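Biologist: I would like to learn how to read this structure feature by feature, with the general idea first and then the case at hand.
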Amino acid sequence: MNLTYKIKENDSYNNIKELLKAYFKISDRLLLKLKKNNKIKLNDKETNINSPLSFGDIIEVLIDFEEDNSNIIPVKMALDIIYEDDAYLIVNKPAGIPIHPSMEHFIDSLSNGIKYYFDSIDLKKKIRAVNRLDKNTSGLVIFAKNEYIQECLIRQMKTENFYKEYIALCEGVFEKEKGIINAPIARKENSIIERCVSVSGDTAITEYEVLKYNKEKNYSVVKCVLKTGRTHQIRVHMSYIGHPLLGDTLYGNSSELINRQGLHSYKTSFIHPIYNKKEQYIANIPNDMLSLI
């Protein structure tokens, strides 16, 4: 995968480095790697990033090159692949497995399965998860296939162009069918895991819409749209307004209806970093939640 740019008559880029940082928004860290690996060309010849530019010059950057990914053990697992191209891979993560390896989940994380899949297609790339989901939250996880794509998507996640929609099962019946929760979130004192609403926290905004009530069993099916991406944001916000997620033992209560927090990353849309087209992806709701909707 290459990034290519032809200098136009009215361009004012003084050199290649300025073009790559201003137009492609390549970070200093990635720029250094590209430079060290001789992945930047000017008119089909390897070049220095400080080389001046003239009208008609063609700059080419090879952003796909082999990387050492031996830090993750490959483990065969069934992957529900939603979409794949040269830029990224999107999977529907089941509840019960974390995204990243850890001491407790050294060989049974989603990244272990992605590593096995990459090996099977001879893709020598680091495992780069763009977004995060808790172990017991299901749904869409995006894996960038190179550092440039990862940078583009993470940067886009901070804008309105990146849409994140979740389906949540919440305790109780809401007074208002629609609302916006704007409450800052911080790490809870003396805890490395738990978060809480706090004036000292980071801005956190969640839009919600009740899709369905189950008055007999006293819960609601709720669409949540994240405007920010704080750790445990939906779980904290729903607990804060008195409607914790079903089965969320950290911020609410255990449930006879579901044995994990009822939360699924259902839909996402963003601008493709290479093709500059808006793309949308949907992950089927798993059976443990679907049976309650």
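Modeller: Let us begin with the elements: helices (H or I, at least four residues) and strands (E, at least two) are DSSP runs, numbered from the N terminus, and on that reading Ser111 has its place in helix H3. The model is predicted, so local features need pLDDT of at least 70 and side-chain atom pairs count only at pLDDT 80 or more, whereas totals for chains, interfaces and linings use all residues. Residues are numbered from 1 along each chain as its sequence is written, and side-chain values use heavy atoms, with hydrogens and water left out.

Biologist: Which residues is Ser111 in contact with, once its neighbours within four places in sequence are left aside?

Modeller: Contact means heavy atoms within 4.5 Å. With those sequence neighbours set aside, Ser111 is in contact with Ile72, Ile99, His100, Pro101, Ile127 and Phe143.

Biologist: Let us turn to strands: how many bridges join S9 to S15?

Modeller: Two strands pair if DSSP finds at least two bridges between them. S9 and S15 run antiparallel and are joined by six bridges, with Ala168 having Leu263 in S15 as its bridge partner. S8 also pairs with S15, in this case parallel and over two bridges, and there Ser138 stands opposite His264 in S15. S15 itself is mostly covered, seven of its nine residues being buried.

Biologist: In what order do the strands of the open sheet of four run?

Modeller: The order is S1-S4-S2-S3, and the pairing is antiparallel. Strand S1 (2-6) and strand S3 (45-46) stand at the edges with a single partner strand each, so one side of each has no neighbour in the sheet. S1 pairs with strand S4 (residues 58-62) over five bridges in the antiparallel sense, and Tyr5 stands opposite Ile59 in S4.

Biologist: How many salt bridges does the structure hold?

Modeller: A salt bridge is a side-chain nitrogen of Lys or Arg within 4 Å of a carboxyl oxygen of Asp or Glu, and the structure holds 17 of them. In one of these, between Glu84 and Lys145, the closest N and O atoms are 2.7 Å apart. That pair links distant parts of the chain, 61 residues apart, with Glu84 in strand S5 (residues 81-84) and Lys145 in the loop between strand S8 (138-144) and helix H4 (147-156). Glu84 is partly exposed at 28% relative accessible area, whereas Lys145 is buried at 7%.

Biologist: Where do Glu165 and Lys267 lie?

Modeller: Their side chains meet in a salt bridge of 4.0 Å, N to O. Glu165 lies in strand S9 (residues 163-171) and Lys267 in strand S15 (residues 263-271), so the pair ties together parts that are 102 residues apart in sequence. Glu165 is buried, with a relative accessible area of 5%, and Lys267 is buried, with 19%. Salt bridges may also be linked in a network, and here one includes Arg29, Lys33, Glu67, Arg128 and Glu147.

Biologist: Finally, which residues form a nonpolar patch on the surface?

Modeller: Patches are made of residues with over 30% relative accessible area and no salt bridge, like charges being joined within 9 Å and nonpolar side chains (Val, Leu, Ile, Met, Phe, Trp, Tyr) within 5 Å. Areas come from the Shrake-Rupley method with a 1.4 Å probe, and for residues only the protein chains shown count as cover. Ile73, Phe106 and Ile107 form such a patch, with about 270 Å² of accessible area together. Ile107 is found in the loop between strand S6 (88-93) and helix H3 (110-120), and Ile107 counts as partly exposed because its relative accessibility is 46%.

How values were computed
Buried < 20%, exposed > 50% of the residue type's maximum accessible area, 1.4 Å probe, protein only.
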